[in-house]
Amino acid sequence: MECREVQRLLWTGEPDGGAAAHVDTCPLCRAEAKRFEQLRRVLGGLQHDLATPPADLESALLTLAGRTRLRNLREAVLHNPRVWQGAAAAAAAAAAVSVLVARRRLARPELVA
Amino acid sequence: VSVTSEIRLDVPPGLVERARDGDRAALEDLILRSYRPAYTLALRLMGNPDDAAEATQEAFVRMVRALPKFREPGAYPTWIFKIVNNVCLTEMRRRSRREVPMELEVVRDPDPVDVEELATSRAFRVELDRAIAALPDTYRTVVVLRDVYGLSGEEAAAELGISPGALKVRLHRARRKLRDALVAAFPEWGTGADGEKETA
């Protein structure tokens, strides 16, 4: 197996048995395998390095989140059947009270005047 | 297991539930605890700060919108990173990338004294970050998902909507480009372990 093919396999991360055997006997490919492992290790470690966000990102996120939360609450109210039933009951009660008041006034004309 | 489940966010028990149930302070706390790692993922995927900030905002709006129906508080880290990932990949399909240098804060060890330590040095990681940011989108997303965040080949291929075979090809090319960039920046790293010069 030639070094070029072995190194191609090394960088796929899936060297076969032949490549592994070659690496054992070839110092150049062994060094390349080592570079690959080092690079993989450092790449994996990057996950723990946090970037510094723009200064205004935090406040922008909180503002957006606040608006979205209010929108959620509004929609929750609008789509909640209990709220609608409550509103309907309140409207019915108000209508009933209006009718009663109107009847009383009609029964006592001096109140209308 | 997805990479995102390996990401540790400092989220105290009950915080997600309180945020979900409408507690404003809990929601703000949840965002403050998670936005920086989320922004970092966006920056690594998109390669420039402006796009990353925009994607992070979009991701958190989607998160807050969906939060009332979120029923797995323990999976919050996986969830928010998945949202960020989706937003970034969708945006990248829509727009061309602007070349702006990445700004990463790296807080670790001092400068190296030999080649063995070089690969763990701050300078090496900074150069690697630059090299990742300079990759074409198709290579950068593959190497970030697969090698930085540890997704399996199948998971990364599924996220990117490509075949496992295409993923392997892109990954191989991306790694080689990173290798070449690092060798250019640190010629001593391209030297064979026994002192011989590399021949690739």
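Modeller: Let us begin with one residue, Leu62(A), which has its place in helix α4 of chain A, the helix formed by residues 57-78. Please bear in mind throughout that this is a predicted model. Setting aside residues up to four places away in sequence, Leu62(A) touches Glu28(B), Ile31(B) and Leu32(B). Leu62(A) and Ala96(A), by comparison, are 34 residues apart in sequence, and their C-alpha atoms lie 46 Å apart in space.

From this residue we may turn to the interface as a whole. In total, 41 residues of chain A are in contact with 60 residues of chain B. The size of an interface is often given as the accessible area lost when the parts come together. Here chain B and chain A bury about 4,700 Å² between them, and 61% of that area is on carbon and sulfur atoms. Within chain B, the residues that lose the most area to chain A are Arg65(B), Arg175(B) and Trp189(B), which together account for 13% of what that side buries.

The rule finds 19 residue pairs in polar contact across the interface of chain B and chain A, with both residues at pLDDT 80 or more. On the side of chain B that touches chain A, the elements giving two or more residues are α2 (24-46), α3 (49-66), α6 (122-134), α7 (137-148) and α9 (164-185) of chain B. Of these, α2(B) gives the most, with 12 residues. Sorted by class, that side of chain B has 28 nonpolar, nine polar and 23 charged residues.

Side chains of opposite charge can pair when their charged atoms come close. Over all chains, the count comes to 19 salt bridges, and four are found across the interface of chain B and chain A. In one salt bridge, the side chains of Arg125(B) and Asp49(A) meet at 3.3 Å, N to O. In another, the side chains of Glu14(A) and Lys168(B) meet at 3.2 Å, N to O. This second pair crosses between chains, from Glu14(A) in the loop between α1 (3-12) and α2 (17-25) of chain A to Lys168(B) in helix α9 of chain B.

Finally, consider how two helices meet. Two packed helices are described by the angle between their axes and the distance between the axes. The axes of helix α3 of chain A (residues 27-45) and α7(B) come within 8 Å and cross at roughly 90°. Therefore α3(A) is roughly perpendicular to α7(B). Arg40(A), Leu43(A) and Gly44(A) of α3(A) make this contact with Val143(B), Asp147(B) and Val148(B) of α7(B). By class, the contact has three nonpolar, one polar and two charged residues.

Terms used
Residues are numbered from 1 along each chain as its sequence is written. Chains are lettered from A and ligands numbered from 1 in the order in which they are written. This is a predicted model: local features need pLDDT of at least 70, side-chain atom pairs count only at pLDDT 80 or more; totals for chains, interfaces and linings use all residues. Side-chain values use heavy atoms; hydrogens and water are left out. Contact means heavy atoms within 4.5 Å. Buried area is the accessible area (1.4 Å probe) that two parts lose on being put together, summed over both. A polar contact is a pair of N or O atoms within 3.5 Å; within protein, one must be able to donate a hydrogen and the other to accept it, and residues adjacent in sequence count only if both atoms are side-chain atoms. Helices (H or I, at least four residues) and strands (E, at least two) are DSSP runs, numbered from the N terminus. Ala, Val, Leu, Ile, Met, Phe, Trp, Tyr, Cys and Pro count as nonpolar, Asp, Glu, Lys and Arg as charged, and the others, Gly among them, as polar. Axes are lines fitted to C-alpha atoms, for helices over the stretch in contact, and angles run from 0 to 180 degrees between N-to-C directions. Angles under 35 degrees count as roughly parallel, over 145 as roughly antiparallel, 65 to 115 as roughly perpendicular and the rest as oblique.
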